[in-house]
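Trainee: Could you take one part of this model and go through it closely?

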Amino acid sequence: MIKFENVTKAYPDGTVAVDGLNLEAPTGKLTILVGPSGCGKTTSLRMINRLIEPTSGTIYLDDEPTSGMDAALLRRRIGYVIQHAGLFPHKTIVDNVSTMPVLLGESRQKARTKALELMERVGLPASFAKRYPWQLSGGQQQRVGVARALASDPAFMLMDEPFSAVDPVVRGQLQEEFLRLQREIGKTIIMVTHDIDEALKLGDQVAVMRVGGKLAQMATPSELLTSPADDFVADFVGRDRGYRSLGFTKTAGSVAIGEEAVVQLGASGEEARAKASGAWVLVVDGGRKPLGWAQPELLNGELKRENLNLSGIPAAASGTMRQLLDAALSSPSRRGVVVNEHGELIGTVTATDVVKAIEAEPHLETAR
Amino acid sequence: MNYLFDPAHWSGADGIPTLIGEHLLYSLIALAIAAVIAVPLGIYIGVTGKGVFMIAGLANALRALPSVGLLILLVLLISPAFPSRMGYILPSLIVLVLLAVPPILTNTYAGVRAVDAAAVDAARGMGFRTMKILTDVQLPCALPLVLSGVRSALLQIISTATIAAYISLGGLGRLLIDGKAQNDYSQMVAGAVLVALLALFFDQLLAFITRRVVSPGLTRRTIKSAPVAEPVKTPVTV
Ligand SMILES: Nc1ncnc2c1ncn2[C@@H]1O[C@H](COP(=O)(O)OP(=O)(O)OP(=O)(O)O)[C@@H](O)[C@H]1O
Ligand SMILES: [Mg+2]
């Protein structure tokens, strides 16, 4: 647990970066600090490992005030990931990742072995071990930064915009991988971002800060979307929050899934026409995994792969209302493909079905 | 060139080997003293940001120094206090040290300044103490620039060490001065060539040392490594 108690930071020039912050990051959870630029997120984060000393107030690490601790020893208990990774340019990747264990007195050999395991864990091939940071892309460096912070297996992690230096696609990947990792390791993490979508996607709980360093609201992502505390939070969370809050609403069997007739590749035009409902027919492979939609009217000869329209995004039956609705809206037939956990077809839903389910249950169970 | 190839000049108390030996002795002693002064000072200024004005001011002032003039002034001041040859050696060394300090100082300062602030921040954030940040991060990263400062300092020293001969000390400057006095051009050319060769040799030696001690991560030399490619690990979407 990391706890802020009335923490204030005024810089020597008089800027009050953080003002009376009270906040608790529970053990094993990912807490996100989010807010507009200059609202004091980085300052708050760096006060935890005392790279910045608070002007007043107390920060506790598992009920122990940090102010009495030796700063260097305190920092060795906390993994720290910074925005541009901050790798050591003169050391190889494996030695970068070994930094903390070696600092804590482990033999270089052992530390390297462990580092190689960790690299694999964050999705870096072992062939990168002997490379230097300049030989890696921004996203890869960011992964090394995360591996380096994890290497000493610290109970706490601080992450300052760890995924901001990369393009949206890589960012999405890193986020997914990080979520999966966190599910395994369950560390007490505080992460800073100014990207509300990232906060809502990753956070177990989200602390929204406003300029002047005050806490505006601390809540779960779905609470932020459904009941923002004030205009500032509502505005910051964004305009389409009604739609986005569906992303936290599990479908939990409340949506009626319709039967869908299917054909396989190689089917004749007549068969496809017979199975089609409206202009479109769903095509699956031998294992009932959806391949795409086809229009029998346009076929001449048998159904081939190039006849497929691939625009639909299948949703998992165990997914959220948002995924289900998106499956329906993205499908050319307007029937969204629903699959089970093995990716096999269960049936299809229409947007109307999904909306009905949403309207029928105003207090749906939330995802987190 | 005849002078160089005459075996008579390669032995004896003022033979070429002796002159080279003396030349090197002055040069290396001066370089060592300059490094001992300039490297720690450069580090201190680079790390703390204190005394930055010294870098520009002092370095430029020293660069514009008229070495021969200063040497004679120093001899006049110092030699009365030291009866032996020391009264001449000391002024020569001081001049050489003053020449060597600016390049080493400015490069060390620039090297420390140029160290990636994020790497230093990360080190501190991981619990490195100040000294360890210096020895494990700042110095290794500043090393290429420090060494290039040493390299240009050594070149300056080796070519300037000829002035020791002005005040009747040894070194390769003897060949230049004696050659001039005797109108022996062959001897002067020999002196100039030897100084140039010596400078060239040490320049290459330092270049070699630099390659050995500076991390390839800094010089961006590719060592045998796999092709640089993104490992595509697409996360499974539903
Ligand atoms: N060393 C400093 N001296 C004076 N003021 C500072 C200092 N560091 C930060 N500030 C100010 O404190 C405020 C908070 O800064 P901080 O870096 O914590 O913001 P942030 O929320 O992390 O912003 P961003 O999203 O842009 O990174 C800003 O107004 C900033 O200008
Ligand atoms: Mg910041």
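Mentor: Asn49(A) is buried, at a relative accessible area of 0% (buried is under 20%, exposed over 50%, partly exposed in between, with a 1.4 Å probe and protein chains only). This is a predicted model, in which local features need pLDDT of at least 70 and side-chain atom pairs pLDDT 80 or more, while totals for chains, interfaces and linings use all residues. Residues are numbered from 1 along each chain as its sequence is written, chains are lettered from A and ligands numbered from 1 in the order written, and side-chain values use heavy atoms, without hydrogens and water.

Asn49(A) lies in the loop between α1 (41–48) and β4 (56–61) of chain A (helices are DSSP runs of H or I, at least four residues, and strands runs of E, at least two, numbered from the N terminus). Leaving aside residues up to four places away in sequence, Asn49(A) touches Leu74(A), Arg75(A), Ile78(A), Tyr80(A), Leu158(A) and, in the other chain named here, Gly125(B) (contact means heavy atoms within 4.5 Å).

Helix α3 (residues 93–103) of chain A has 10 of its 11 residues buried, so the rest of the structure largely encloses it. Among the buried ones are Ile93(A), Asp95(A), Met100(A) and Leu103(A). Their cover includes α2 (71–76), α4 (108–121) and α5 (138–150) of chain A, together with α7 (130–160) of chain B. After α3(A) comes Gly105(A), with a positive phi near 100°.

As for confidence, chain A has a mean pLDDT of 91, and 98% of its residues reach 70 or more (pLDDT is the predictor's confidence in each residue, from 0 to 100).
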